[in-house]
Each structure stands twice: as C-alpha cells, then as structure tokens.
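Work through the exercises below with the structure in view. Try each task before reading its solution.

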Amino acid sequence: WWGRRLVEYYVVCGVGTRLIPLRSLGAQMQPPPPPPRSSPPVGAPPAPRTAHRAFPRPDDRFEPQVLSRIPATDRDGTPFPADCAEFCFPNGIELATLADHQQNPIPVTNSFVLTTSDRTRVYGVCITWMDALDAEVIRRFIGDATERAPADEVYG
C-alpha cells in the first residue's frame with residue numbers, strides 16, 4: 001500500500017449552470033429545433049409547426065455534468081474518466097418536487113466499475129441526494145426554450 005492511493009479522484013456531479021436535455025431516442029425532452037434559415041421553395045407545403053415546452057415535465061431527464069473534482073488535473077497513470085458523470089447518473093438527472101424530497105430524504109449509494117480505452121479499471125462509488133435547484137438555472141432553461149420558439153408555440 002505504500003505509495004498507492006485509496007482514492008484517485010473526488011468528484012461532484014450534478015446539473016450545473018444549465019439544464020441540458022438528455023439526448024435519447026425515447027420520449028425524453030429535446031430542445032426546440034433552430035428556426036429555418038430560408039423560406040421553403042415556392043409551392044412547397046409549409047413546414048409542420050410543433051409546440052416547444054418552456055417547463056420540464058416530471059419524467060424529463062437532463063445531462064449530468066462534472067461540477068468539480070479534486071485534483072483538478074489528471075494524475076500520472078490514472079487519467080480522469082471523461083464519462084464519469086454518466087456513470088454517476090446513468091439515467092440522467094431527474095428533477096423532483098419538495099414533496100418527493102420529503103418522502104425520500106435519505107441519500108442513495110451505488111457503485112460502478114468503468115473500463116477505460118486502455119483497459120484500466122476505475123472503481124467508483126456514488127452518493128446521490130436531492131438538492132435545491134438554483135432559480136437561475138430554471139430561468140435560463142425557460143429563456144432558452146422561449147428564445148427558440150414563437151410565443152404562441154411555448155407551453156408549460
């Protein structure tokens with residue numbers, strides 16, 4: 001054990017400064033598409049209009065992000081795994097209400113083994129708990145949705 005570390009990295013993962021919709025093929029929330037750059041050809045049918053949600057639903061999931069890590073630089077022989085946040089939140093981050101938190105206040109623990117491209121095994125333990133979401137994160141999410149969609153297409 002002499003010269004070996006019990007822990008290589010301490011990592012905090014979570015939402016970050018923006019709610020980024022999880023990209024998946026299921027019914028997960030997708031950001032609104034950008035507006036078309038040019039008009040459709042003459043005689044072509046108009047493009048279908050779709051509504052864009054400004055508020056997340058309870059079943060929406062969001063991409064986890066590494067918020068901080070110690071040490072901030074990679075250790076020799078043990079590079080920091082880029083997909084660490086996805087292993088901590090394999091199903092994405094789910095928003096919860098205060099009532100949900102009050103029903104389930106105890107943190108959840110899970111572990112994983114991540115194998116890197118050079119076949120190095122990285123062992124991880126996650127302690128997950130609910131925390132209040134900063135109001136500015138919600139404001140940015142609503143602003144992102146409403147900036148990309150006409151006012152009559154945004155709903156909550």
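## Getting oriented

Of the 156 residues of the protein chain, 24% count as buried, where buried means under 20% relative accessible area, exposed over 50%, and partly exposed in between (1.4 Å probe, protein chains only). This is a predicted model: local features need pLDDT of at least 70, side-chain atom pairs count only at pLDDT 80 or more, and totals for chains, interfaces and linings use all residues. Residues are numbered from 1 along each chain as its sequence is written, and side-chain values use heavy atoms, with hydrogens and water left out.

## Exercise 1: the fold

Task: State how many helices and strands the protein chain has, and give their pattern.

Solution. Step one: count the elements. The protein chain has 3 helices and 8 strands. These are DSSP runs, numbered from the N terminus: helices are H or I with at least four residues, strands are E with at least two. Step two: read along the sequence. The pattern is β-β-β-β-α-β-α-β-β-α-β.

## Exercise 2: a strand pair

Task: Describe how S6 and S7 are joined.

Solution. Step one: find the direction. S6 and S7 run antiparallel, with 8 bridges joining them. Two strands pair if DSSP finds at least two bridges between them. Step two: pick a facing pair. Val-108 stands opposite Thr-128 in S7. Step three: look at the turn. The hairpin has 5 residues between the strands, and Arg-119 takes a positive phi near 70° there.

## Exercise 3: the core

Task: Find the largest nonpolar core and follow Phe-89 in it.

Solution. Step one: size the core. The largest nonpolar core has 17 residues; Cys-13, Val-15, Leu-19, Cys-88, Phe-89 and Phe-112 have the most contacts inside it. Such a core is a set of buried Ala, Val, Leu, Ile, Met, Phe, Trp, Tyr and Cys residues joined through side-chain atoms within 4.5 Å. Step two: name the contributors. Helix H1 (84-88), strand S6 (108-115), S7 and H3 each give two or more residues to this core. H1 gives the most, with 3 residues.

The loop between H1 and strand S5 (93-94) holds Phe-89. Its relative accessibility is 18%, so Phe-89 counts as buried. Step four: list its neighbours. Not counting residues up to four places away in sequence, Phe-89 touches Cys-13, Gly-14, Pro-64 and Thr-128; contact means heavy atoms within 4.5 Å. Phe-89 and Gly-14 are 75 residues apart along the chain, yet their C-alpha atoms are separated by 8.6 Å.

## Exercise 4: salt bridges

Task: Which parts of the chain does the pair Arg-75 and Glu-8 tie together?

Solution. Step one: check the pair. Arg-75 forms a salt bridge with Glu-8, the closest N and O atoms being 3.6 Å apart. A salt bridge is a side-chain nitrogen of Lys or Arg within 4 Å of a carboxyl oxygen of Asp or Glu. Step two: locate both ends. Arg-75 lies in the loop between S4 and H1 and Glu-8 in the segment before strand S1 (10-14), so the pair ties together parts that are 67 residues apart in sequence. Step three: take another case. Arg-139 forms a salt bridge with Glu-136, with the closest N and O atoms 2.9 Å apart. Arg-139 and Glu-136 are separated by about one helical turn, because they are 3 residues apart in helix H3.

## Exercise 5: a cis bond

Task: Where is Pro-71, and what kind of peptide bond joins it to Ile-70?

Solution. Step one: Pro-71 sits in the loop between strand S4 (65-70) and H1. Step two: a cis peptide bond joins Ile-70 and Pro-71, with omega about -5°.
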